[in-house]
Amino acid sequence: MEIVSVERDHVPALLGMATAYMMLKQTPRARNQLKRIVKMEWNTLDAEEFERSWLLLADIYIQSGKYDLATELLKKALHHNKSCGRGWEYLAAIAEREQAYRDAADFYENAWRMDNQNSPAVGYKLAFNYLKAKRYVEAIDACHLVLTKHPNYPKIKKEILDKARQNVRF
């Protein structure tokens with residue numbers, strides 16, 4: 001609080017306050033701090049804090065159903081950092097909620113690549129969206145990659161792999 005009273009536009013301090021408000025379940029106050037950051041000019045010195053702020057505010061917007069505002073922030077974050085896996089993941093979640101499964105699969109594919117194919121949750125969502133987009137072979141491949149690294153990952157075999165295999169057979 002002292003830093004913000006001395007320097008009103010100190011991005012790390014504002015992000016810290018917003019994070020603290022989120023932990024205290026005071027989302028409106030957190031959103032106000034994050035909106036202040038969004039209005040500021042991006043700089044390389046605080047690049048990581050800007051990115052985290054945009055992602056946190058996008059998450060707040062997604063939870064309240066404001067997908068257009070969240071998408072705008074996520075594109076801003078990805079413009080400055082194309083390897084932001086969380087940004088791709090949020091875009092995919094928005095596309096999935098809007099039932100744009102092809103777009104969601106493409107976004108999850110980017111998130112999966114940025115995570116070096118290590119997150120079984122992202123791999124599951126990628127395979128699921130491939131299945132929904134009728135890209136069955138890719139769904140099977142994604143399932144195999146997840147099961148190779150995480151053989152006991154729940155539901156992926158029954159809910160996605162078996163269904164994709166059925167649809168590949170004529």
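Trainee: What length should helix α9 span, and what do its end C-alpha atoms show?

Mentor: The model is predicted, so local features are read only where pLDDT is at least 70. Helix α9 covers residues 136-149, which makes 14 residues, and at 1.5 Å a residue they should span 20 Å. The end C-alpha atoms of α9 are 20 Å apart, so the two values agree.

Trainee: Which residues of α9 are buried?

Mentor: They are Tyr 136, Ala 139, Ile 140, Ala 142, Cys 143, Val 146 and Leu 147. Because these residues cover an arc of only 165° around the axis, they are on the same side of α9. On the other side, Val 137 and Thr 148 are exposed.

Trainee: What covers the buried residues of α9?

Mentor: The cover includes α7 (101-114), α8 (120-132) and α10 (156-168).

Trainee: Which residues have the most contacts inside the largest nonpolar core?

Mentor: That core has 52 residues, and those with the most contacts inside it are Leu 34, Ile 37, Leu 74, Ile 156 and Ile 160. Helix α4 gives the most to this core, with 9 residues.

Trainee: How many disulfides does the structure hold?

Mentor: First the general idea. A disulfide is a covalent bond between the sulfur atoms of two cysteines. The structure holds 0 disulfides. Cys 84 is buried, with a relative accessible area of 3%, and Cys 143 is buried at 0% relative accessibility.

Trainee: How many aromatic pairs are there, counting rings whose centres lie within 6.5 Å?

Mentor: The count comes to 3 aromatic pairs. In one of them, the rings of Phe 50 and Trp 54 have their centres 5.7 Å apart and their planes at 40°, so the pair is tilted. Phe 50 and Trp 54 are 4 residues apart in helix α4 (residues 47-63), and so are separated by about one helical turn. Both Phe 50 and Trp 54 are buried.

A further pair is formed by Tyr 124 and Tyr 153, again tilted, at 6.2 Å centre to centre and 50° between the planes. Tyr 124 lies in helix α8 and Tyr 153 in the loop between α9 and α10, so this pair ties together parts that are 29 residues apart in sequence.

Trainee: What does Ala 104 touch, not counting residues up to four places away in sequence?

Mentor: Ala 104 is found in helix α7, and it is buried with a relative accessible area of 0%. Its contacts on that basis are Ala 92, Ala 95, Glu 96 and Asn 129. For distance, take Ala 104 and Ile 140: they are 36 residues apart in sequence and 17 Å apart in space, C-alpha to C-alpha.

Trainee: Where is Lys 134 found, and what is its phi?

Mentor: Most residues other than glycine have a negative phi. Lys 134 is not a glycine, yet has a positive phi of about 65°. Lys 134 is found in the loop between α8 and α9, and counts as exposed at 61% relative accessibility.

Trainee: Where is Lys 155 found, and what is its phi?

Mentor: Lys 155 is in the loop between α9 and α10. Its phi is positive, about 70°, although Lys 155 is not a glycine. At 56% relative accessibility, Lys 155 counts as exposed.

Methods
Residues numbered from 1 in each chain as written. Predicted model: local features only at pLDDT ≥ 70, side-chain atom pairs only at ≥ 80, totals over all residues. Heavy atoms only, no water. Helix = DSSP H or I, 4+ residues; strand = E, 2+ residues; numbered from the N terminus. Expected span 1.5 Å × (residues − 1). Buried < 20%, exposed > 50% of the residue type's maximum accessible area, 1.4 Å probe, protein only. Arc of directions from axis to C-beta. Contact = heavy atoms within 4.5 Å. Disulfide = S-S within 2.5 Å. Phe/Tyr/Trp six-rings, centres within 6.5 Å; stacked < 30°, edge-to-face > 60°. Core = buried A, V, L, I, M, F, W, Y, C linked by side-chain atoms within 4.5 Å.
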